[in-house]
Protein chains: 2
Amino acid sequence: MRHASLSIEHALLGFLRQEPKHGYAIHQELSDAGSIGSAWRLPLSQLYTLLGKLENAGYLTTTTEPQENKPPRKLFHLTDQGEIAFLTWVQEPVRHGRSLRLEFLVKLYFARLEGAGMATSLLAAQRKKCQQWLVKEQAILDREAASGREYGRLVHQFRFGQIQAMLSWLEQCEATP
Amino acid sequence: MRHASLSIEHALLGFLRQEPKHGYAIHQELSDAGSIGSAWRLPLSQLYTLLGKLENAGYLTTTTEPQENKPPRKLFHLTDQGEIAFLTWVQEPVRHGRSLRLEFLVKLYFARLEGAGMATSLLAAQRKKCQQWLVKEQAILDREAASGREYGRLVHQFRFGQIQAMLSWLEQCEATP
DNA sequence: GGCCGCATGTAATCTGTTACATGATTCT
DNA sequence: AGAATCATGTAACAGATTACATGCGGCC
């Protein structure tokens, strides 16, 4: 079992922090358009696949619960390993700007559920990352502008602007608790 | 042969507008870090795969050119169909915000090569798209804020900020010819 | 009778990335 | 002798999307 890089599927573990749930129920929470559903869309069939993976990885165990007049439910329970993996994932800022759009927003959702403290520290960690990116882009931008590379300048101006917008959004999030 | 949605691989056709080239030469142009290479990275092995696809689709034909002391070159020629496909692709604005980062920047590169007029009209078309997105996001944002959905508001504030940054970049591009 | 909700999945497909395979010449 | 450049590709693996498959109960 390879130690896969902590990716978005670890978010699913967060749904099981309070009590065990079955796949369909998780999907209903996930599909709430006003909540996490506004950031992350995951078809039911994909959800089942991911839950299977997490089980294979030892982050989940399952029990089956028969029901009358309805198909039996398969309850997923978070293991200790799973809890550790989730907490590690949720506290780690994302490494690339392109991951804010999906993965960071999902992290933030679960961090807020864990408590205001965790959300605050996640925001701060991500803001620092973002400031580093901005400095790097600024340096590249200056270099491109100095060497008269028109197109390279356009490209990095675009990236600079995107990162700048991320940064001011993060600061705004930190300012309004 | 399915009419695949016009995707990034159509950009490769743009390299053959002036004269036929072989894969390795295209890759060298593509790898120029100060130019298109700053927006699009494509490993050589993937490039060959994509060129094969474009040939199957009827956008390219090939001739083989033997060389002394070196492996023979396979020259790719743009067909009439290929030219049409390229010109259609390059003039079409992208449909989603997430495609600006890569596909739009590549379109812009080739539009500029085609002439200032094409670049200008592409920028204008994309700016209009972007303004539409912004209006939609604004509407959603207001709705989320009004119904007191804290997390939904955060998510859409993020998106709003990203689109806003795209828009001002596009305007800046239009202003500096 | 047909569609929606509940509840579970598998399979096919497409795309993207990385690794591997070959072979000559030129540079250090 | 070993690395880089020129030149072509195939194959394996990972991830995401879509389609397909099953079955019961309740509602219109």
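Predicted model: local features only at pLDDT ≥ 70, side-chain atom pairs only at ≥ 80, totals over all residues.
How much area do domain 1 of chain A and domain 2 of chain A bury between them, and what share of it is on carbon and sulfur atoms?

**First stop: the two domains.** Select residues 1-91 of chain A, which the domain assignment gives as domain 1, and colour residues 98-177, given as domain 2, separately. The contact between them draws 16 residues from domain 1 of chain A and eleven residues from domain 2 of chain A. Their C-alpha centres are 28 Å apart.

**Second stop: the buried area.** Display the surface where the domains meet. Domain 1 of chain A and domain 2 of chain A bury about 1300 Å² between them, and 69% of this area is on carbon and sulfur atoms.

Select A:Glu114 and A:Arg17 and show their side chains. These residues form a salt bridge, in which the closest N and O atoms are 2.8 Å apart. Between domain 1 of chain A and domain 2 of chain A, the count is one salt bridge. For polar contact, the count between the two domains is three residue pairs, with both residues at pLDDT 80 or more.

Select helix H1 (11-14) and helix H4 (80-91) of chain A, the elements that give two or more residues to the side of domain 1 that touches domain 2. H4(A) gives the most to this side, with five residues. Colour the side by residue class to finish: on domain 1 of chain A, where it touches domain 2 of chain A, there are eleven nonpolar, four polar and one charged residues.

Note on methods: Residues numbered from 1 in each chain as written. Chains lettered and ligands numbered in written order. Heavy atoms only, no water. Domains from an automatic or database assignment. Contact = heavy atoms within 4.5 Å. Buried area = accessible area lost by both parts, 1.4 Å probe. Salt bridge = Lys/Arg side-chain N within 4 Å of Asp/Glu carboxyl O. Polar contact = N/O pair within 3.5 Å; in protein donor to acceptor, adjacent residues only side chain to side chain. Helix = DSSP H or I, 4+ residues; strand = E, 2+ residues; numbered from the N terminus. Nonpolar A, V, L, I, M, F, W, Y, C, P; charged D, E, K, R; others polar.
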